[in-house]
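I opened this model to record its sheets, its nonpolar core and the surroundings of its ligand. The entries below follow the order in which I looked things up.

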Amino acid sequence: MYQVRKVMTLDEFTIQELRNFPQATGELSGLLRSIGLACKRINAEVNRAGLVDILGALGTENVQGEEVQKLDDFANKTLIDLLNHSIYCAGVGSEENDDIVVFDDELSNNSKYVLLMDPLDGSGNIDVNVSIGTIFSIFKRISPMGQPVTMEDFLQPGNRMVAAGYVIYGSSTMLVYATRRGVNGFTLDPSVGEFCLSHPNMQCPPHGRFYSANYGNFGKYSPGVQNYLKRCETKSAENGGPYTERYIGSMVADIHRNLIKGGIFMYPGTTDRPNGKLRLLYECNPLAFIVQLAGGMATNGVQPILDIQPSSLHQRMPLFIGSRDMMEELAECLQEHG
Ligand code: P6P
């Protein structure tokens, strides 16, 4: 008789968390369940993406006469619709929307959380079948309850974040979710359509051998970044190496690998884009929150990402994130070489 391994679903996990915090209202758990449901729907579409050519190219009508949506647009709409009809979220800031999306109804105006998200990061990789991801962060609103949320609810520094997570649509689909109680990974079991706890209490190894950067920009990086990358190239067994350069152009996938195995990811500023490419609020902040709670570090090269006071919804920020020892060596290089 085979031994059935007791797996804890995401719902069971959130209920257990509630038991640990009797004073909790259950709203955060409910919000996480809504996000999980939306991402299961996104996962289904992402997995069909390869079939779109058969069913009609994106942006056209498929054989059923349905308009084929761009996947990041589909992901955005799926998340916003679910969050709008939940009772746990008062509004959303999304990479796909120029302004905040305010859920101006009685229930939503009395919800205490707001969410910032990149609904489908790396969507340009879909047609080459590279892993992509959904990234989100959750804050308590600071505007008065009972009224529509305002931009100030979304422009809070990352160190005020309540929770953050990402879903990676890869060889398996996994939700990684962090609160101040820790970081936990849930793998989607397609046979039952449930996220199941597969990586409890995730810890980022203090050292690793993966370093991730776009070498195409090497000539445009600062001397400090160039110096660090050259150090990575020359690591040997005697000083923690040899290192492997691994950059797949999908930040969630690169950072997920480094979180599990140890490593450093960077998207530095360049001479032509001093603030880099990544967005502070819904890419850098949530990933910094997760990696830091797992024991890693995340900075913009000068200060911790989570300490930065945002100035606008879509502002870009250089990002260096990963294993503590590697981040400290990077900091030395930046200090020494600028
Ligand atoms: P580049 C995807 O578009 C993304 O936002 C991240 O997921 C990824 O790490 C980065 O851009 C890749 O950018 O300029 O190196 O191609």
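**Entry 1: the eight-stranded sheet.** I traced an open sheet of eight strands with mixed pairing, in the order S2-S1-S3-S4-S5-S6-S7-S8. Strands here are DSSP runs of E with at least two residues, helices are runs of H or I with at least four residues, and both are numbered from the N terminus. Two strands count as paired if DSSP finds at least two bridges between them. The edges are strand S2 (101–102) and strand S8 (194–199); each has a single partner strand, so one side of each is left without a neighbour in the sheet.

I note the basis of these entries: the model is predicted, local features need pLDDT of at least 70, side-chain atom pairs count only at pLDDT 80 or more, and totals for chains, interfaces and linings use all residues. Residues are numbered from 1 along each chain as its sequence is written, and side-chain values use heavy atoms, with hydrogens and water left out.

**Entry 2: strands S3 to S5.** I found S3 and S4 paired in the antiparallel sense over seven bridges, with aspartate 118 opposite isoleucine 135 in S4. S4 also runs antiparallel to S5, and seven bridges join them; the partner of phenylalanine 136 in S5 is glycine 165. Is S4 enclosed or open? Eight of its nine residues are buried, so S4 is largely enclosed by the rest of the structure. I use buried for a relative accessible area under 20%, exposed for over 50% and partly exposed for values in between (1.4 Å probe, protein chains only).

**Entry 3: strand S6.** How many residues of S6 are buried? I recorded seven of the seven, so S6 is largely enclosed by the rest of the structure. In a regular strand the side chains alternate between the two faces of the sheet. In S6, Thr173, Leu175, Tyr177 and Thr179 point one way, while Met174, Val176 and Ala178 point the other way.

On one side, S5 and S6 form a hairpin with three residues between them. The two strands are antiparallel and are joined by seven bridges, and tyrosine 166 has valine 176 as its bridge partner in S6. On the S7 side, the hairpin of S6 and S7 has two residues between the strands, which run antiparallel and are joined by six bridges. There I noted alanine 178 opposite valine 183 and tyrosine 177 opposite asparagine 184.

**Entry 4: glycine 182.** I looked up glycine 182, which lies in strand S7 (residues 182–189). Glycine 182 is buried, with a relative accessible area of 10%. Its C-alpha atom is separated by 8.8 Å from that of proline 200, which is 18 residues away along the chain.

**Entry 5: the five-stranded sheet.** I also traced an open sheet of five strands with mixed pairing, in the order S10-S9-S11-S13-S12. Its edge strands are strand S10 (244–245) and strand S12 (297–299), each pairing on one side only. Strand S9 (residues 210–212) pairs with S10 in the parallel sense over two bridges, and tyrosine 211 stands opposite glutamate 245 in S10.

In the loop between S12 and S13 I located glutamine 315. Glutamine 315 is buried, with a relative accessible area of 13%. Its side chain reaches the backbone nitrogen of serine 312 at 3.1 Å.

**Entry 6: the nonpolar core.** Which residues touch the most other members of the largest nonpolar core? In this core of 45 residues, they are Tyr166, Ile305 and Leu319. The elements that each supply at least two residues of the core include strand S3 (113–121), strand S5 (163–169) and helix H8 (280–293). H8 gives the largest share, nine residues. I take a nonpolar core as a set of buried Ala, Val, Leu, Ile, Met, Phe, Trp, Tyr and Cys residues joined through side-chain atoms within 4.5 Å.

**Entry 7: the ligand.** I listed the residues with a heavy atom within 4 Å of the ligand; among them are Asp121, Asn214, Tyr267 and Lys277. An oxygen atom of the ligand is 2.9 Å from an N or O atom in the side chain of asparagine 214. For lysine 277, the corresponding distance from its side chain to a ligand oxygen is 2.9 Å, and a polar side-chain atom of tyrosine 267 lies 2.6 Å from an oxygen atom of the ligand. The protein covers 78% of the 400 Å² of accessible area that the ligand has on its own (Shrake-Rupley method, 1.4 Å probe).

Terms used:
A polar contact is a pair of N or O atoms within 3.5 Å; within protein, one must be able to donate a hydrogen and the other to accept it, and residues adjacent in sequence count only if both atoms are side-chain atoms.
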